[in-house]
Amino acid sequence: MNPFIFPKESNSLVKKHLSQKICQALEHLKTDSGFTLEKAIHSGLKNPDSAIGIYAGDAQSYQTFSPVFDPVILEYHGGVENLKHKSDIRELDLPVLDPEGKYILSTRIRIARNLKGFSFPCHMTLSQRSELEKKIITALSCLKGNHKGKYYSFEHADKKELKQLETKNFWFQKGDRFQDAAGINSDFPKCRGVYLSFDKQLMVWVNEEDHLRIISLEKTSDLSKVYNRLCQAILSLNQTLAFAWDKTYGHLTSCPTNIGTSMRAGVHIQLEKLEQKKEILFNITRACNLQIRGTCGEKTKIENAVFDISNRQRLGISESRIIQNLHAGLLAIIKAEKSI
C-alpha cells in the first residue's frame with residue numbers, strides 16, 4: 001500500500017507518476033547524503049496546488065529516484081526521451097531589439113547552479129550552508145573588471161545597505177510555502193546573501209532555491225550584451241567551482257523544472273496594442289516557444305500593458321539557442337505591435 005497520501009484535489013505531476021509499485025520500490029532508498037523519497041515529495045504532499053510537487057536533495061536524487069523523476073521531467077519538458085544535453089555558453093552578437101526604447105523596458109537573464117559534492121538547499125545542515133557560502137564568496141572575490149563587486153550577507157551586512165537592496169529588487173525573500181515545505185527555507189536568513197557588481201548589472205544570489213542564482217540585467221533591450229556578461233561571469237566561476245552536472249539532464253537543480261540550461265532569459269515589454277489583442281501575442285509566443293508571465297512574475301497580473309516574456313524551453317536546447325530564439329520571437333512581437 002502506498003504510504004504517501006496526496007490530497008484528493010492535488011493534480012501535481014509527482015502524484016500522477018508516483019504509482020504504488022514505484023513507491024514501494026523507492027520508499028526505503030536513500031542517497032549517500034541520506035535524502036529520501038519522503039523528503040523529496042513532502043512539498044507536494046503538503047501543498048494540494050503544487051504543479052510539480054517534487055524536489056531533489058542532491059545530485060544523486062535524480063538517479064536514485066529516477067523512476068519518478070524521469071516521467072515528471074519527460075512530461076514537463078517534453079520530447080526528451082533520448083536526450084543528451086549539450087551546453088553552449090558562448091558570446092553572441094545580435095542586433096539591439098528596440099534601440100529607441102519604445103517597448104522593452106529591461107532585460108534579465110539568470111541561471112541556477114549547484115556545487116558538486118554538496119547537498120542541495122532543501123537537504124543542507126547549517127554547517128554545510130556555512131561551508132558552501134564561504135566557498136562561493138571566495139570564488140566571487142576573484143571576479144574582475146566590470147564584474148567586481150561586493151557580497152552582502154543577510155546576517156552581517158549593514159541594515160541600511162540591505163534595505164537599499166530590497167528597495168531596488170536586488171534582494172531575495174524567504175521562499176514561498178512550496179519551498180518552505182521542501183526545507184529550502186531552513187535556517188533563513190543564515191548563510192544567505194547577495195553579490196552585486198559595482199555597476200549593478202551582475203548579481204548572484206547565494207543559498208536561495210539553488211546554491212547560486214547568477215543574474216545579468218540592465219534597463220535596455222541589448223540581449224547580446226546582457227547574455228555575454230552572464231557568459232563571462234559563468235566562465236570565470238567555472239575556473240574555481242565545480243557544478244553538479246548530468247550528461248542527460250545537464251545542470252542539476254533543486255526543482256526539476258530548471259534542469260538543463262537552468263536558464264530563464266526574458267524582458268519586460270510594454271505592448272499597449274497587443275494587450276487588446278492577446279490572441280495574436282499568444283500565437284507568436286507559442287510559435288517561438290516563449291512564455292508570458294505577469295508584470296511582477298509568475299501568477300501576477302499584467303499592469304500598464306507590461307508583459308514578462310521569456311523562454312519556455314530549458315532542457316534539450318543550448319544556452320545560445322535560447323537567446324537566439326528569444327531574440328527572433330521578440331522581433332516578431334514588436335513587429336506585430338507596430339502593425340496594429
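## A salt bridge to start with

The side chains of Arg 286 and Glu 279 come together in a salt bridge, with 3.2 Å from N to O. Arg 286 counts as exposed, at 52% relative accessibility, while Glu 279 counts as partly exposed at 48%. Please keep in mind as you look around that this is a predicted model.

Why might such side chains pair? Side chains of opposite charge can do so when their charged atoms come close.

Another salt bridge brings together the side chains of Arg 213 and Glu 208, at 3.7 Å from N to O. Are these two residues buried or exposed? Both Arg 213 and Glu 208 are buried.

## Two helices side by side

Two packed helices are described by the angle between their axes and the distance between those axes. For helix α10 (residues 278–287) and helix α11 (residues 319–339), the axes come within 9 Å and cross at roughly 160°. An angle over 145 degrees counts as roughly antiparallel, and α10 and α11 are therefore roughly antiparallel to each other. The crossing in which α10 passes α11 is right-handed.

Which residues make the contact? From α10 come Ile 280, Leu 281, Ile 284 and Thr 285, and from α11 come Gly 329, Ala 332, Ile 333 and Ala 336. Sorted by class, the contact of α10 with α11 has 6 nonpolar residues, 2 polar residues and no charged ones. An α-helix has 3.6 residues a turn, so residues three or four places apart point the same way.

## Around helix α3

Helix α3 spans residues 37–46. Its buried residues are Leu 37, Ala 40, Ile 41, Ser 43, Gly 44 and Leu 45. What covers the buried residues of α3? The cover includes α1 (13–17), α2 (20–26), α5 (66–77) and α8 (177–182).

## From α3 to α4

The loop between α3 and α4 (61–64) holds Asp 49. With a relative accessible area of 41%, Asp 49 is partly exposed. Not counting residues up to four places away in sequence, Asp 49 touches Arg 177 and Phe 178.

Ala 56 is buried, with a relative accessible area of 0%. Which residues does Ala 56 contact, leaving aside its neighbours within four places in sequence? They are Phe 35, Ser 61, Tyr 62, Phe 69, Phe 120, Cys 122, Thr 253 and Ser 254. Between Ala 56 and Ala 40 there are 6.0 Å in space, C-alpha to C-alpha, and the two are 16 residues apart in sequence.

Thr 64 is found in helix α4. Thr 64 is buried, with a relative accessible area of 16%. Its contacts, leaving aside neighbours within four places in sequence, are Leu 26, Leu 29, Lys 30 and Thr 31. Thr 64 and Pro 121 are 57 residues apart in sequence and 18 Å apart in space, C-alpha to C-alpha.

## Backbone details

Most residues other than glycine have a negative phi, and most peptide bonds are trans. Where is there a cis peptide bond? A cis bond joins Phe 188 and Pro 189, with omega about 10°. Pro 189 lies in the loop between α8 and β3 (193–197).

Asp 187 is found in the loop between α8 and β3, and its phi is near 70°, a positive value in a residue other than glycine. Asp 187 counts as partly exposed, at 33% relative accessibility. Asn 289 is not a glycine, yet has a positive phi of about 60°. The loop between α10 and β9 (290–293) is the place of Asn 289, which is partly exposed with a relative accessible area of 29%.

Notes:
Residues are numbered from 1 along each chain as its sequence is written. This is a predicted model: local features need pLDDT of at least 70, side-chain atom pairs count only at pLDDT 80 or more; totals for chains, interfaces and linings use all residues. Side-chain values use heavy atoms; hydrogens and water are left out. Axes are lines fitted to C-alpha atoms, for helices over the stretch in contact, and angles run from 0 to 180 degrees between N-to-C directions. Helices (H or I, at least four residues) and strands (E, at least two) are DSSP runs, numbered from the N terminus. Angles under 35 degrees count as roughly parallel, over 145 as roughly antiparallel, 65 to 115 as roughly perpendicular and the rest as oblique. A crossing is left-handed if the near helix is turned anticlockwise from the far one by less than a right angle, and right-handed if clockwise. Contact means heavy atoms within 4.5 Å. Ala, Val, Leu, Ile, Met, Phe, Trp, Tyr, Cys and Pro count as nonpolar, Asp, Glu, Lys and Arg as charged, and the others, Gly among them, as polar. A salt bridge is a side-chain nitrogen of Lys or Arg within 4 Å of a carboxyl oxygen of Asp or Glu. Buried means under 20% relative accessible area, exposed over 50%, partly exposed in between (1.4 Å probe, protein chains only).
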